[in-house]
Each structure stands twice: as C-alpha cells, then as structure tokens.
Amino acid sequence: MSTLPKDDSMPTTGAIRIEDVVKVYDPDGAAVMAVDHCSIDIPAGEICMIVGPSGCGKTTLLNTIAGFHGLTSGHIYLDDEILCGPGKEKAEPGSDRIVVFQNGALFPWKTNLDNIAFGPMMAGKLSKSEIYDKARKMMIDAGLEGTEDSFPGEVSSGLRRRVEIVRALMNEPKVLLFDEPYRALDSLTKSVMHEALLEIYYKNKVTIFFITHDLEEAIFLGHRLIIMSSRPCRPKKIVEVDIPHPRDYSVLTSPRFREIMNEAKVVVNEEARKAFEAGEKEG
Amino acid sequence: MSQSNTTMNLTMYRISSWLKSPKPYLMFIGFGCVLSFWYFSVEVWKLPRFQDMPALTEVFTEWFSEDPYYGLSVYTPEYYKHIGISLRRIAYAFFLATALGVPLGLFLGWSQKLREYIFPLFELFRPIPVLAWVPLAIIIFSGSETPVIFLTFLASFFATTLNTMLGVESIDEEYSRAAYCLGASRWQTFVHVVVPGAMPFIFTGLQISIGVAWFSLVAGEMVSGQYGLGYIINTAYIMVQYSQIVIGMITLGIIGYTTSAMVRVAGDYMMQWRVRELALSGD
Amino acid sequence: MNLNKLKSKFSARATLRGLLAIVIFLLIWEVGARSLDLFGYRVPFIGLIPPPTAVLDSWQGLIVDPSYWQSWYMSFLRVFAGFLAAMVIGIPLGLYMAINRTFYGIAFPSFEILRPIPPLAWVPASIIFWPTQEMSIAFVTFLGAFYTIVINVLGGAKSINKQYLQAAQSMGASQGDIFRRIVLPATLPSIVVGSAVGMGITWEVVVAAEMISGGGSSGGAGGGLGFFIWSSYVGGSYEQIIVGMISIGIAGFISSELLRQLGGFFTPWLKTR
C-alpha cells in the first residue's frame with residue numbers, strides 16, 4: 001500500500017529498518033523509557049513524517065539513527081547493513097545520515113558558502129575549487145544566490161534553514177533527518193519552506209525522516225504519517241497520504257487533504273491529551 | 001569589501017547618535033562632580049581628613065609642567081621609560097599566559113579525560129592568591145625582573161585557562177553533532193567548531209586576564225621591582241612626593257583601560273561574524 | 001554555573017585520575033626539592049624550594065601555635081569586613097544605576113575610568129587619607145570587591161527579561177513592587193556570581209596589603225596570613241612560606257564555598273535547572 005511511485009526516479013539506497021528498538025534513559029537513577037519496542041520500515045526515498053506530542057521520545061529515535069545516542073535493545077538497519085544493535089549499541093555519526101536541527105546548527109563563524117562546503121572539505125576527496133563550484137551551483141539552484149558571503153547571523157531564519165539543507169545535500173546523504181526544523185518559524189515562512197523543501201526533494205531524492213507536531217506540515221510533505229503514542233513512544237497509527245507528488249499549496253484545500261487530516265487528528269489529539277495530563281516536559 | 005563599509009557606517013551612526021543623546025553631557029557632569037569634589041575637599045574647604053592629600057591643581061600642574069618639581073611629567077623621558085617598562089612586563093606575561101593558557105583551556109574543555117587528570121591539580125593552585133607567590137618567586141628566580149613577570153604571568157594564566165575552558169563547555173553541543181554528521185573527524189571538529197565557537201568566551205577571558213595582569217604587576221612592582229608604574233607610586237609615597245602618586249595612578253588607569261580596549265578590538269576584528277550578528281540584533 | 005556542573009560529575013574513576021596527577025606532582029616536587037641531596041646536582045627552580053615533607057613537618061609545628069591561627073583570624077576579619085562593605089555599598093549603587101538612566105549616565109563613566117586603576121595602586125593614597133592602617137587596608141580591600149560586584153549587578157539587571165517587567169506592569173504593579181519583586185530577585189544570581197569572583201579578588205588584595213604594609217607598624221592590628229608569609233621569608237623559614245601559601249588557598253576556598261552556599265540559599269530556584 002505504499003504511496004511511493006515505482007519508477008526510476010526513486011533512489012535505490014537509503015532504506016531504514018527500525019526493529020523492536022527500546023531506549024531507556026537513566027537520569028539521576030530513575031529509569032525512564034523513552035522508546036518502547038518501536039518498529040518502523042522506511043523504504044528508500046520515502047518522506048516519512050513522525051508525528052507525536054512533545055516529549056514523547058521522537059527525538060531520541062532520531063538521535064539513535066544519527067548516532068548521538070545508543071539504544072538499549074533492538075536493531076536499526078540502513079539498507080540491510082546494521083547501524084546499531086546488540087554488541088554495537090551506538091551508531092557512528094556519518095554523512096550518510098545528516099541531521100537538520102531544530103534550532104539550526106549552521107556554524108555562525110563561517111559564511112553560508114563555507115558552511116555549505118564544509119562536509120566535502122572535511123572529507124578531502126575533491127579539490128577545493130571543485131567543491132566550491134558545486135556549492136555555488138547548489139546555492140543558485142536552491143534560490144540562495146547572493147547570500148554566499150554573508151554569515152548565518154545576518155540572514156533570516158528561513159534562509160538559514162535552506163542553507164542548512166543544502167549543506168546536508170552537498171554530501172549526497174542517503175537519509176536526511178529533520179528534527180522539527182520549522183518549529184520556530186511563523187506560518188507564512190513555513191509554507192514557503194515547505195514548498196522549497198519539496199522542490200529540493202524532487203531534484204535530489206533522498207529518504208527523509210521528519211519529526212513534527214504540526215499535522216498540516218506532516219500531511220503536506222509526507223508520503224506517510226507515523227503517529228506516535230505519548231511517552232514511551234511507539235507507533236500508534238500509520239496514515240498513508242495518497243495525494244500524488246509533485247504537490248503545491250493548492251493541495252492544502254483539497255478534499256482528500258481534509259479527509260486525511262480528520263483521520264489523523266483524532267489519534268493525535270488523544271495522545272496529546274495524555275501527554276498534557278502526564279505533565280510531559282518539552283523534549 | 002562592502003561588508004567593511006557597512007561596519008564603518010554602523011560605527012559612524014552609533015557615534016553620531018551617541019553625541020546627540022544626553023549621554024556625553026551626563027558623562028561630563030559625572031567627571032565634573034568627581035573632580036570638583038576632589039578640588040573642593042583639598043584646596044577650598046580644606047577638610048581635615050584631606051589635609052595631606054595632593055591637590056587637584058598641584059597634580060595637574062605637575063603632570064603637565066615642563067620642569068616638574070619632583071621629576072615626572074608628560075615632558076620628562078623618565079615618565080615614558082617607566083610606562084614602557086611596565087608595558088613590556090605586561091606584554092611578556094600576557095602573551096606567554098595566552099599562548100599557554102588558551103591551548104590548555106581548549107584541551108581541558110574538549111577532552112573529558114584530560115580534564116579529569118589535570119583540572120583538580122589546577123584547582124588546587126588557583127585559590128592561592130598570586131601575591132602569596134612573591135617570596136617563592138624571589139627565591140626561585142634570580143634577578144628582579146623575572147619574579148615580577150612570573151607573578152603577572154601566573155595571574156593571567158589562571159584567568160585565561162579557566163575562561164577558555166568554560167568557553168568550550170558553553171558551546172552548544174549541536175554544533176559538534178552537526179560537524180560529526182557532516183563527516184568531520186574529532187580533530188576537525190575541534191579545529192572548525194570548538195576553537196571558533198569558544199572565541200567569544202576566550203576574548204572575554206582575555207579582557208579579564210589583562211585586568212588581572214595589571215593588578216599583579218602593580219603589586220609586584222610595589223614590592224620588588226625597580227622602575228615601572230607600581231614602583232613610581234610606592235617610591236613617591238616613601239619620598240613624600242604625593243602628587244606623583246596620583247600621576248602614577250591616573251597613568252595606570254589610562255594605560256590599563258587602553259590595553260583592555262586593545263584586546264577587545266582585537267577580538268572584534270577576529271570575530272567579524274559576531275560583530276555583524278550583534279549589530280543586526282539592534283544592540 | 002558550569003564549574004558546579006563539573007564538580008557533580010565526579011565518578012570514582014575521575015577522582016582517581018585527579019588524585020593520580022596530584023600524587024605525581026607531589027613526587028616530582030619531593031624529588032626535585034631534594035635533588036641536591038639525592039643526585040648531588042641541584043635541579044633548577046624546584047631545587048631551590050623546600051620539599052613537601054619538610055612543609056608538612058613545619059605545618060605540624062604551626063598547628064599548635066596560636067599565633068598561626070591568629071593570622072588566619074586577622075585575614076578572615078579583613079576579608080569579610082572589606083567584602084561586606086563592598087556589598088553594602090556596591091549592590092544598592094549597582095541597582096540604582098540599573099533603574100535610573102540619568103544616574104547611570106552620570107556615574108558610570110566615572111566609575112569605568114576609575115576601575116582600571118588597580119586597587120593596590122590606591123594603597124599609598126589610602127594610607128595618607130585614613131587615620132589607621134587597618135582602615136586603609138579595609139578601604140583597598142573594599143575597592144577590590146566593589147568594582148566586580150557593581151559590574152555584575154549591572155549586568156544582571158540589564159539582562160532581566162523585559163517581559164517580566166511588562167507582565168508585572170500589566171498586572172498593575174507599582175514601581176516599588178516591581179523593584180522588590182522582580183528586579184531584585186532577578187538580579188540575585190548575578191549578585192551571587194559577582195560575590196564569588198569578588199571574594200577571590202578580596203583575598204588577593206588582603207594578602208597583598210598585608211605583605212606591603214609590613215603588618216603592624218603604624219597603628220595597625222598587624223598580622224594576617226600575608227604578613228605571615230612575608231615574615232617567614234624575611235626570617236628565612238622557607239617551609240613556612242609554603243605553609244602560608246597553602247593556608248591562604250584553603251582559607252580562600254572556604255570563604256568562596258560559604259558564599260556559594262549562602263547564595264544557593266537565596267536563589268533556590270536555580271537548583272531546579
């Protein structure tokens with residue numbers, strides 16, 4: 001029942017398989033289960049939206065895939081190769097799975113261009129001029145022309161997000177991990193960001209693992225919504241978004257969009273109420 | 001470059017708006033109050049406590065006279081000789097302390113292991129007031145210059161190392177995580193994230209460090225030096241040439257302030273990104 | 001403060017590592033100081049100072065000597081006197097500068113001009129001015145902490161989130177209320193930090209003043225740990241110098257800890273972070 005097109009436009013690598021993952025934290029001696037036997041199968045090239053109330057553990061899952069934490073039990077595979085599992089609890093962070101952070105992690109002391117060129121420059125496989133040529137080209141493609149020599153602190157936050165995404169794409173990652181990147185933006189900028197992201201996606205098909213609590217954002221962008229329960233998190237309901245790509249903002253007012261929204265909303269509200277009553281602190 | 005023009009324009013704008021505000025006038029009122037209090041209490045009202053204090057007119061005529069009564073004024077070469085000697089000592093001590101303290105602080109902040117070994121030892125020495133080292137310094141180092149420079153170095157060193165270390169600790173973890181994601185090695189992350197990220201804190205530390213350096217230098221010069229501003233003040237007291245004391249103090253104030261400002265300007269120059277970022281936030 | 005975070009991370013392994021470094025340091029000191037006897041060759045620098053074992057010996061003798069503890073007492077007294085004066089004058093001054101823009105404009109530039117003059121440079125002027133030596137030391141000590149405290153209070157007051165003030169105003173608070181219930185508590189953490197730093201500076205100044213004024217000549221109570229170190233040097237008992245240094249280090253640490261605890265008492269909300 002996948003809504004992914006089965007043609008040559010889809011990438012062959014970047015499939016993530018999360019198998020029965022458990023993550024238990026131990027802050028100050030009180031064992032807290034953040035992720036509870038979570039299993040998710042993400043095919044290559046899918047935009048998978050992880051939706052859930054704040055603090056339920058979605059970021060923990062993302063961090064485990066990225067390699068910032070280890071897991072307590074279970075396995076995570078990237079294209080049938082094991083990322084982490086028993087015996088190797090913590091994955092290595094790497095440029096095949098790049099994270100776009102909530103508050104943005106562009107290096108404020110480097111210009112936008114230098115930021116974008118950072119990954120390949122560290123890898124050292126291409127020459128400096130090759131890297132910078134590619135970087136400039138990608139910036140023009142993403143509509144960032146003219147901001148090359150500015151510092152991140154000098155441009156708008158929407159623009160910063162785009163720079164960060166281009167920075168990630170320079171490394172031709174298999175997976176992009178988004179941790180509520182547009183949370184702090186106003187809704188007008190957000191819509192622009194969404195369309196920009198989709199445009200970038202259509203040109204560079206990668207697997208996208210996107211955490212959000214904004215249902216509209218989730219349905220607009222995603223192939224699939226995975227609605228998580230409140231802490232400890234595990235998939236509660238999967239909603240297929242069978243609206244065809246390429247999408248634009250007119251999708252937002254289509255009847256099918258409304259239907260999917262209603263279907264998802266019931267579940268999300270239920271979990272949100274549970275989280276509220278449990279006094280969950282923002283993750 | 002258009003960016004440096006913008007910085008220049010911003011500075012000009014700031015200066016002109018400062019001149020238009022009440023600030024400069026209030027400032028002069030403040031100076032006026034202090035100076036008139038000094039003048040009146042010593043020369044006009046001749047308050048009992050202030051009897052032996054050098055008078056404002058006495059100090060300033062002495063300071064600016066071509067043939068000073070006691071020997072030091074802006075026209076005498078000895079004056080500049082003493083200033084130069086103090087400055088030279090500060091330069092040796094400060095630069096040595098920076099050259100040793102910044103790398104040490106960076107490594108202590110970066111490597112948990114190193115910190116566990118070295119920080120306790122460091123913290124054992126830090127509470128000992130720098131001046132308590134005077135006798136030991138005299139015993140260990142021959143000559144009269146080296147102990148003074150050593151003391152000044154010590155004070156600077158502790159301040160710089162500590163602030164640098166705290167600076168590294170304060171860097172948002174997401175920056176290093178982003179670097180790892182993009183494929184940077186630990187060492188590359190250290191060079192491209194930790195060092196630039198800690199810069200603002202390093203420079204704040206350096207400003208503290210130079211203040212502390214002057215503090216120790218003056219004390220050292222008063223106790224065991226020959227020449228130098230501290231020496232002038234002490235000698236002037238012993239030889240009952242009280243106006244010289246004040247000249248020494250004022251000179252110290254001016255030079256101390258200037259060196260501190262030089263550190264701050266150096267910091268601004270090295271951290272263009274921060275200056276622009278702060279300017280845009282309307283600071 | 002990040003230092004506290006560091007200290008709470010002490011695991012057994014970390015403590016062991018720290019101890020190892022200290023032990024190695026002591027060993028190097030011991031061997032280097034005895035190098036003349038051990039190797040017939042005097043190691044530069046370290047070879048000139050007494051070894052830790054000799055220092056310990058000396059200390060054992062001093063612990064039972066009442067004049068040693070008298071020195072402690074004198075120094076502590078001076079530190080707290082100067083420090084308290086700096087708080088009593090500095091905190092209100094800083095707060096007033098923070099709320100009254102005009103006063104700030106008048107007072108701050110002069111304050112900033114005077115600040116770079118090291119407190120010790122004031123010693124001669126202070127001796128001339130104040131009738132007793134004790135008061136002149138107290139004045140200089142006061143200056144040392146005073147600048148730091150004022151700067152920290154100002155910094156703390158400046159960074160008060162405007163929205164707290166606006167919230168209070170919209171709920172109908174008076175100026176006095178706003179000051180007492182928002183400005184004051186919000187500035188407390190900065191006051192605490194400023195005090196901790198100021199305390200360190202105070203010790204520096206007290207020790208220096210005690211050493212410089214030779215402790216006990218003209219109308220002063222004399223003594224103090226700084227004077228103890230100086231007279232040990234003059235009298236040639238080098239072990240005592242080191243005892244004195246370590247003693248001051250310990251004394252400084254104790255006073256900072258006390259201050260930190262006191263500060264924590266006044267700002268309980270910080271502990272919940």
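Helices (H or I, at least four residues) and strands (E, at least two) are DSSP runs, numbered from the N terminus. The model is predicted; local features need pLDDT of at least 70, side-chain atom pairs count only at pLDDT 80 or more, and totals for chains, interfaces and linings use all residues. Residues are numbered from 1 along each chain as its sequence is written, and chains are lettered from A and ligands numbered from 1 in the order in which they are written.

Chain A holds an open sheet of 6 strands, in the order E6-E7-E8-E3-E9-E10, with mixed pairing. Two strands pair if DSSP finds at least two bridges between them. E6 and strand E10 (235–240) of chain A each have a single partner strand, so one side of each is left without a neighbour in the sheet. Neighbouring strands are turned by 20° against each other on average, direction ignored. Axes here are lines fitted to C-alpha atoms, for helices over the stretch in contact, and angles run from 0 to 180 degrees between N-to-C directions.

Val99(A) stands opposite Leu177(A) in E7(A). In a regular strand the side chains alternate between the two faces of the sheet. Strand E6 (residues 97–100) of chain A is covered on both faces. Arg97(A) and Val99(A) are buried on one side, Ile98(A) and Val100(A) on the other. A residue is buried if 20 or more other C-beta atoms, placed from the backbone, lie within 10 Å of its own.

Ile226(A) has Ile238(A) in E10(A) as its bridge partner. Helix H7 (residues 255–277) of chain A lies across strand E3 (47–51), E9 and E10 of chain A. H7(A) runs at about 170° to E10(A).

Chain B has 12 helices and 0 strands. Its C-alpha trace spans about 70 × 55 × 35 Å along the principal axes. Of the 283 residues in chain B, 44% are buried.

Chain B also touches chain A: 16 residues of chain B are in contact with 21 residues of chain A. Two residues are in contact if their C-beta atoms, placed from the backbone, lie within 7 Å. H8(B) gives the most to this side of chain B, with 6 residues. Helix H8 (173–181), helix H9 (186–224) and helix H12 (272–280) of chain B each give two or more residues.

How values were computed: A residue is buried if 20 or more other C-beta atoms lie within 10 Å of its own, exposed if 12 or fewer, and partly exposed in between; C-beta atoms are placed from the backbone.
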